[in-house]
Amino acid sequence: MAEETKAPTAHAGASGGESRPERSGGDRPERSGPRGPRPGGGPGGPREGGRKFFRRKKVCKFCVEKIEAVNYKDVRLLAQFVAESGKITPRRLTGVCTPHQRRLSRAIKQARNIALLPFAGRAQ
Ligand SMILES: [Zn+2]
């Protein structure tokens, strides 16, 4: 009685089947959007446009009348260069040349201090 049990110790170790197929994900085509250079319409559009302020003659009043020093007591003169709000009108609107605008603004400030001109608001 010879029992030979040939147990076939062949455990199925061949469980080879775990090779996942590497799917190449995330490979969607990059959309090159419609962000090309815009035709025209860049910064700095058309600079034309109606001016709010009527244009005066662009000559310096003080140069024309040969006023060297602006007198701070000359309210009637100074008031021409003060806006209704009390602000000094900028040179680009009045056309006063730079040296005269400097004297003018100083004169206006002096006149304000002695209440000949308002700091804000309309002169009465
Ligand atoms: Zn001038």
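The following legends describe close-up views of a predicted protein model.

In this predicted model, local features need pLDDT of at least 70 and side-chain atom pairs count only at pLDDT 80 or more, whereas totals for chains, interfaces and linings use all residues. Residues are numbered from 1 along each chain as its sequence is written.

**Figure 1. Overall arrangement of the protein, with four helices and zero strands.** Helices (H or I, at least four residues) and strands (E, at least two) are DSSP runs, numbered from the N terminus. In that order, the elements run α-α-α-α. Of the 124 residues, 13% count as buried; a residue is buried if 20 or more other C-beta atoms lie within 10 Å of its own, exposed if 12 or fewer, and partly exposed in between, with C-beta atoms placed from the backbone. Two residues are in contact if their C-beta atoms, placed in that way, lie within 7 Å. Among contacts between residues at least 6 apart in sequence, 70% join residues at least 24 apart.

**Figure 2. Helix α4, residues 98-113.** This helix has 16 residues and spans 23 Å from its first C-alpha to its last, close to the 22 Å expected at 1.5 Å a residue. The expected span is 1.5 Å times one less than the number of residues. Within α4, the buried residues are H100, Q101, L104, A107, I108 and A111. They lie on the same side of α4 because they cover an arc of only 130° around the axis, the arc being that of the directions from the helix axis to the C-beta atoms. An α-helix has 3.6 residues a turn, so residues three or four places apart point the same way. On the other side of α4, T98, P99 and N113 are exposed. The buried residues of α4 pack against α1 (61-64), α2 (75-78) and α3 (91-94).

**Figure 3. The largest nonpolar core, made up of twelve residues.** A nonpolar core is a set of buried Ala, Val, Leu, Ile, Met, Phe, Trp, Tyr and Cys residues joined through C-beta atoms within 7 Å. The members are F62, V70, Y72, L78, F81, V82, V96, L104, A107, I108, A111 and L117. Helix α4 contributes the largest share of this core, four residues. In soluble globular proteins, nonpolar side chains tend to be buried together.

**Figure 4. Surroundings of V82, I88 and S105.** Not counting residues up to four places away in sequence, V82 touches K87, I88, T89, I108 and L117. I88 is located in the loop between α2 and α3. It counts as partly exposed, because 18 C-beta neighbours lie inside 10 Å. With neighbours within four places in sequence left aside, I88 is in contact with F81, V82, S105 and I108. S105 belongs to helix α4 and is partly exposed, with 18 other C-beta atoms within 10 Å. I88 and S105 are 17 residues apart in sequence, and 6.9 Å separates their C-alpha atoms. S105 and V82 are 23 residues apart along the chain, with 9.4 Å between their C-alpha atoms.

**Figure 5. Positive phi values at K66 and A115.** K66, a residue other than glycine, has a positive phi near 55°. K66 is found in the loop between α1 and α2 and is exposed, with 6 other C-beta atoms within 10 Å. The phi of A115, also a residue other than glycine, is positive and near 65°. A115 lies in the segment after α4 and counts as exposed, with 9 C-beta neighbours inside 10 Å.
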